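Hi everyone, thanks for coming along. Today I'd like to walk you through a structure, step by step. Please have a look at it first.

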Protein chains: 2
Amino acid sequence: MKGPLTVIDHGITLPRGFRSNGVACGIKRSLRPDLALLVSESEASMAGVFTTNRIRAAPVILTEERLRETKGHGRGVVVVSGVANALTGPEGLTDSQILVEKTERALGLPTGSLLHAATGVIGPRIPLPLVEKHLGEAAAGLASDRPAARRAAAAILTTDTMAKEAAVVARLSDGTKFHVAGMAKGSGMIAPALGPPHATTLGFITTDARTSPEALQQILAEESDRTFNMVSVDGDTSTNDSLLLFANGKAGGMDAGAEPVFRAAVGLVLEKLARAVARDGEGATKLLTVRVRGARDEAGARLAAKAIARSMLVKTALFGADPNVGRIACALGYSGADFDPGDLEITLQDGHRQWPLVQEGRPVPGLENGEGKRLHSILQRLEEVDLEVTLGAGPARATAWGCDLSYGYVHINAQYRT
Amino acid sequence: MKGPLTVIDHGITLPRGFRSNGVACGIKRSLRPDLALLVSESEASMAGVFTTNRIRAAPVILTEERLRETKGHGRGVVVVSGVANALTGPEGLTDSQILVEKTERALGLPTGSLLHAATGVIGPRIPLPLVEKHLGEAAAGLASDRPAARRAAAAILTTDTMAKEAAVVARLSDGTKFHVAGMAKGSGMIAPALGPPHATTLGFITTDARTSPEALQQILAEESDRTFNMVSVDGDTSTNDSLLLFANGKAGGMDAGAEPVFRAAVGLVLEKLARAVARDGEGATKLLTVRVRGARDEAGARLAAKAIARSMLVKTALFGADPNVGRIACALGYSGADFDPGDLEITLQDGHRQWPLVQEGRPVPGLENGEGKRLHSILQRLEEVDLEVTLGAGPARATAWGCDLSYGYVHINAQYRT
């Protein structure tokens with residue numbers, strides 16, 4: 001194993017003692033998988049961060065309550081995709097309670113063992129009979145192999161075009177080998193949520209490292225703030241965003257909570273999933289990574305990076321491979337970040353090459369002519385566009401991820417659901 | 001004249017003593033008009049509100065400085081469309097100074113008489129020789145008739161598909177008849193700017209009423225906050241937003257500054273122009289008006305209304321005529337407005353008919369089936385969609401204007417400028 005963290009092509013069943021499954025209940029008219037289970041063999045420490053939308057989906061309300069009641073001890077999560085179970089009132093909350101309890105019964109677990117998440121259309125209630133009919137099948141198919149992780153990762157998707165998984169292996173300072181893995185879902189209704197605890201989209205992280213729910217919670221909140229909360233696809237913060245982390249301790253060894261390598265492993269998995277969510281934004285053809293340096297403070301760095309990643313004008317320019325530095329500068333200008341326009345530097349990274357776009361607050365010469373055409377060709381070729389912005393106002397940095405705005409985005413979201 | 005305010009089909013030359021013109025200098029490759037002049041026969045009180053973007057275009061810097069130096073006394077404005085003269089450094093500011101001084105000379109006005117505004121591509125400098133070559137023609141064609149107002153209204157446009165004019169006539173309490181008229185420009189890079197003084201897009205208002213620059217400034221700031229600042233097309237606050245108000249007193253009579261009818265007349269012209277800007281948003285096929293009632297306070301009402309009008313998911317649903325109440329509720333949820341989701345009511349206004357969408361926090365029955373199909377048909381037919389939102393949290397109200405997000409928006413903004 002080279003280096004402190006090794007990335008592996010695997011999913012949530014890589015850490016020891018986790019089993020998962022995904023089945024199709026028929027909630028989705030496409031008959032794609034829509035029910036995922038993730039279960040730890042033994043009790044796990046659990047942590048969660050959730051949407052700050054004032055309208056909270058029933059699964060979010062239920063899961064937060066369960067995390068409080070169990071003080072972060074439990075066995076796993078049941079995830080429904082296709083319906084959000086949001087804006088469904090008290091009946092929706094009852095539906096979620098029934099669903100979770102029936103799942104616990106199907107798995108032979110005591111009441112209160114499982115958390116719950118959902119994603120999909122806001123408004124309709126969960127078709128409980130459909131789910132109940134497939135709980136036995138879902139439980140029977142739980143496994144800890146690679147395909148089982150894939151089945152779960154597929155069953156949490158909605159408008160996503162690809163499953164999102166990430167996994168790393170590393171060693172604690174006492175030599176204990178541990179794993180962190182995750183799966184995520186997210187393509188639309190994606191924007192940074194404000195105020196801790198916070199998260200965007202759905203994400204589920206497993207680890208066989210051992211630590212307390214309190215340590216987990218702190219690591220999850222801080223690392224999700226730097227990763228999931230810096231993703232924007234459309235600027236719409238969902239009613240259902242949930243990010244859950246399970247640590248079952250099967251790796252043995254020391255408490256991982258204070259180990260930098262453990263935090264780094266969780267952070268790396270979250271960052272990989274966050275990038276995957278941005279890359280798979282609805283209709284996206286390009287991933288945009290914005291690295292801001294030289295901000296006066298971290299809040300300003302975050303505002304600046306997010307304003308660019310979320311600007312509709314930057315996003316459409318990206319789709320058109322237009323090196324439109326005016327739109328980038330404009331977004332910085334209204335971001336709320338503090339800087340002197342004359343100090344602004346913007347660079348396009350192309351692998352190891354750097355193309356200056358703005359220097360000392362001015363577009364580079366020729367951007368309207370020859371240089372612009374060259375950058376246009378480069379942007380056309382790149383599937384991952386990295387912008388580096390230097391504000392010259394201080395030492396703070398932040399990174400945000402977004403994607404372009406294409407005809408595909410309009411197509412996906414303007415279709416009347418029939 | 002019926003009622004206190006009568007709307008007239010006219011433009012900025014309706015108030016007595018104003019002349020205008022618009023000519024094509026060739027700044028725009030399309031050879032459409034790109035230079036507008038608006039001049040008062042005699043000294044006018046002037047007021048202005050400007051973008052809060054940290055990157056301020058040279059014309060904004062110059063105009064703010066002149067308003068301060070002249071204490072709000074002057075003769076008019078010269079407007080360039082096609083280039084924004086933003087992100088152009090000290091050279092850009094010099095360009096604007098030269099342009100304005102040459103215009104003053106062409107008009108035989110003393111230095112310091114004119115204000116300045118510009119709109120267009122960010123980055124390039126103004127092609128001064130082109131403008132200078134046409135200043136004589138522009139000055140010679142100044143007139144106070146209806147066509148002259150139209151020429152100016154056309155010459156300030158960029159991606160706009162239609163000119164935006166509004167005019168009203170009314171009487172002060174001493175019986176003095178006065179006029180207020182305006183023209184505006186705005187189609188993209190349009191979003192509410194924060195913090196007074198503020199404005200979005202370009203707007204120029206003339207009146208023959210008499211009042212002080214101080215009274216004008218207060219009225220403009222407050223009425224633009226309720227109108228121009230509640231428009232969102234893409235959420236991008238421009239570097240060039242300027243809204244200027246000129247009062248030359250040619251109507252005679254009493255000071256109009258404290259007259260409610262004068263404020264109402266200015267407000268009505270601003271509201272008509274603001275609606276026109278939203279209706280002509282880039283690629284828009286529908287105007288969206290969001291009226292929020294029952295908010296705890298005005299700030300919350302404004303946040304709620306603006307969040308809906310600016311949501312990419314609401315905007316694409318509108319384009320698809322999809323009665324997607326989940327997206328509207330979601331936007332309210334993350335808007336920052338304080339309300340109990342169970343109290344939420346959302347209604348679609350269709351002329352004198354009302355179609356409930358959400359009642360007591362729940363989508364109305366059948367929205368997924370028959371009722372949804374009916375609303376889909378209604379939304380397909382409507383070119384102006386009025387949503388009424390009741391939060392049930394207090395007495396405050398606000399109205400925001402937006403438009404749908406169509407393939408046209410992407411087409412307009414994703415084209416590489418060659």
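Let me begin with a term: a crossing of two helices is left-handed if the near helix is turned anticlockwise from the far one by less than a right angle, and right-handed if clockwise. Now some housekeeping: this is a predicted model, in which local features need pLDDT of at least 70, side-chain atom pairs count only at pLDDT 80 or more, and totals for chains, interfaces and linings use all residues. Residues are numbered from 1 along each chain as its sequence is written, while chains are lettered from A and ligands numbered from 1 in the order in which they are written.

Let's start with helices in chain B. Helices (H or I, at least four residues) and strands (E, at least two) are DSSP runs, numbered from the N terminus. Which way does α7(B) pass α9(B)? The crossing of α7(B) past α9(B) is right-handed. Helix α7 (residues 298-310) of chain B packs on α9(B) at an angle of about 135 degrees, and their axes are 8 Å apart. That angle makes α7(B) oblique to α9(B). Here axes are lines fitted to C-alpha atoms, for helices over the stretch in contact, and angles run from 0 to 180 degrees between N-to-C directions. Angles under 35 degrees count as roughly parallel, over 145 as roughly antiparallel, 65 to 115 as roughly perpendicular and the rest as oblique.

Who touches whom? On the α7(B) side we have B:A304, B:A307 and B:I308, and on the α9(B) side B:I328, B:A331, B:L332 and B:Y334. Two residues are in contact if their C-beta atoms, placed from the backbone, lie within 7 Å. This contact of α7(B) with α9(B) has seven nonpolar residues, no polar and no charged. In that count, Ala, Val, Leu, Ile, Met, Phe, Trp, Tyr, Cys and Pro are nonpolar, Asp, Glu, Lys and Arg are charged, and the others, Gly among them, are polar.

Helix α9 (residues 325-334) of chain B has another partner, helix α8 (residues 312-319) of chain B: their axes come within 9 Å and cross at roughly 155 degrees. α8(B) and α9(B) are therefore roughly antiparallel, and their crossing is left-handed. In this pair, B:L313, B:V314 and B:A317 of α8(B) meet B:R327, B:I328 and B:A331 of α9(B). Five of the residues in the contact of α8(B) with α9(B) are nonpolar, none is polar and one is charged.

Over to chain A for one more pair. Helix α5 (residues 213-226) of chain A and helix α6 (residues 260-279) of chain A pack at about 40 degrees, with axes 9 Å apart. α5(A) and α6(A) are therefore oblique to each other, and the crossing is right-handed.

Zooming out, chain A is divided into domain 1 (5-279) and domain 2 (287-414), with bounds from an automatic or database domain assignment. Taken over C-alpha atoms, the centres of the two domains of chain A are 32 Å apart. Between them, 13 residues of domain 1 of chain A are in contact with 14 residues of domain 2 of chain A.

Finally, how do the chains meet? Chain B gives 52 residues to the contact and chain A gives 52 residues. On the chain B side, α9(B) supplies the largest share, seven residues. The chain B side divides into 26 nonpolar, 19 polar and seven charged residues.

How are the copies related?
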